[in-house]
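Student: I'd like to learn how to read a structure like this one, feature by feature. Could you walk me through it?

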Amino acid sequence: MKKVLALLLLTLSAGAMAQHPGHGFRHGHWERGGSGGWTWMVPALIGGAIIYEAARQQPPVIIQQQPVVVQPQPVQNCSPWTEVQNPDGSITRTRTCMQ
């Protein structure tokens, strides 16, 4: 956003400076424009004030440490393991738990 604003202000100030009469050829010799050096200063001051205010009003960065949450493990009341050998030779282990 700051870059867009700065580019816009530079474009506007360049347009204001382009309207400066500058030097011209009059009456057979080169002649300086009669407006003086103030034509560039007013847009520069206005642009500087706008950029200063835009940069100053940015919210500060706040870093907050996240709280550590520890969830207790549920207490399980389990019976001992029981093993059953099946006729095909496989073993099945089972137990029951209550919370």
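Tutor: Happy to! Let's begin inside a helix: R56 and E53 sit three residues apart in helix α2 (residues 41-56), which means about one helical turn separates them. Keep in mind that this is a predicted model.

Student: What do R56 and E53 form?

Tutor: The general idea is that side chains of opposite charge can pair when their charged atoms come close. Here R56 and E53 form a salt bridge, with 3.1 Å between the closest N and O atoms. E53 counts as partly exposed, because its relative accessibility is 30% and that class runs between under 20% for buried and over 50% for exposed.

Student: How many salt bridges does the structure hold?

Tutor: There are two salt bridges. The other case pairs E83 with R93, where the closest N and O atoms are 3.0 Å apart. E83 belongs to strand β4 (residues 82-85) and R93 to strand β5 (residues 91-94), so this pair ties together parts that are 10 residues apart in sequence.

Student: Are E83 and R93 buried or exposed?

Tutor: Both E83 and R93 are exposed.

Student: Which residues form a nonpolar patch on the surface?

Tutor: V42, I46 and I50 do, and together they have about 250 Å² of accessible area. Take I50 as an example: I50 lies in helix α2 and is partly exposed, at 35% relative accessible area.

Student: Now the covalent side. Which cysteines form a disulfide?

Tutor: To read one, look at the sulfur-sulfur distance first: C78 and C97 form a disulfide, with their sulfur atoms 2.0 Å apart. The count comes to one disulfide. Then look at the torsion: the link of C78 and C97 is right-handed, with 115° about the S-S bond. C78 is in strand β3 (residues 77-78) and C97 in strand β6 (residues 97-98), so the pair ties together parts 19 residues apart in sequence.

Student: How exposed are C78 and C97?

Tutor: C78 is partly exposed, with a relative accessible area of 25%, and C97 is partly exposed too, at 39% relative accessibility.

Student: Let's zoom out. In what order do the elements of the chain run?

Tutor: From the N terminus on, the order is α-β-β-α-β-β-β-β, which comes to two helices and six strands. For burial, 6% of the 99 residues in the chain are buried. The accessible surface of the chain is about 9,400 Å², with 62% of that belonging to carbon and sulfur atoms. As for contacts between residues at least 6 apart in sequence, 23% join residues at least 24 apart.

Conventions. Residues numbered from 1 in each chain as written. Predicted model: local features only at pLDDT ≥ 70, side-chain atom pairs only at ≥ 80, totals over all residues. Heavy atoms only, no water. Helix = DSSP H or I, 4+ residues; strand = E, 2+ residues; numbered from the N terminus. Buried < 20%, exposed > 50% of the residue type's maximum accessible area, 1.4 Å probe, protein only. Contact = heavy atoms within 4.5 Å. Areas by Shrake-Rupley, 256 points an atom, 1.4 Å probe, with all protein chains shown as cover. Salt bridge = Lys/Arg side-chain N within 4 Å of Asp/Glu carboxyl O. Patch = residues over 30% accessible without salt bridge, like charges linked within 9 Å, V, L, I, M, F, W, Y side chains within 5 Å. Disulfide = S-S within 2.5 Å.
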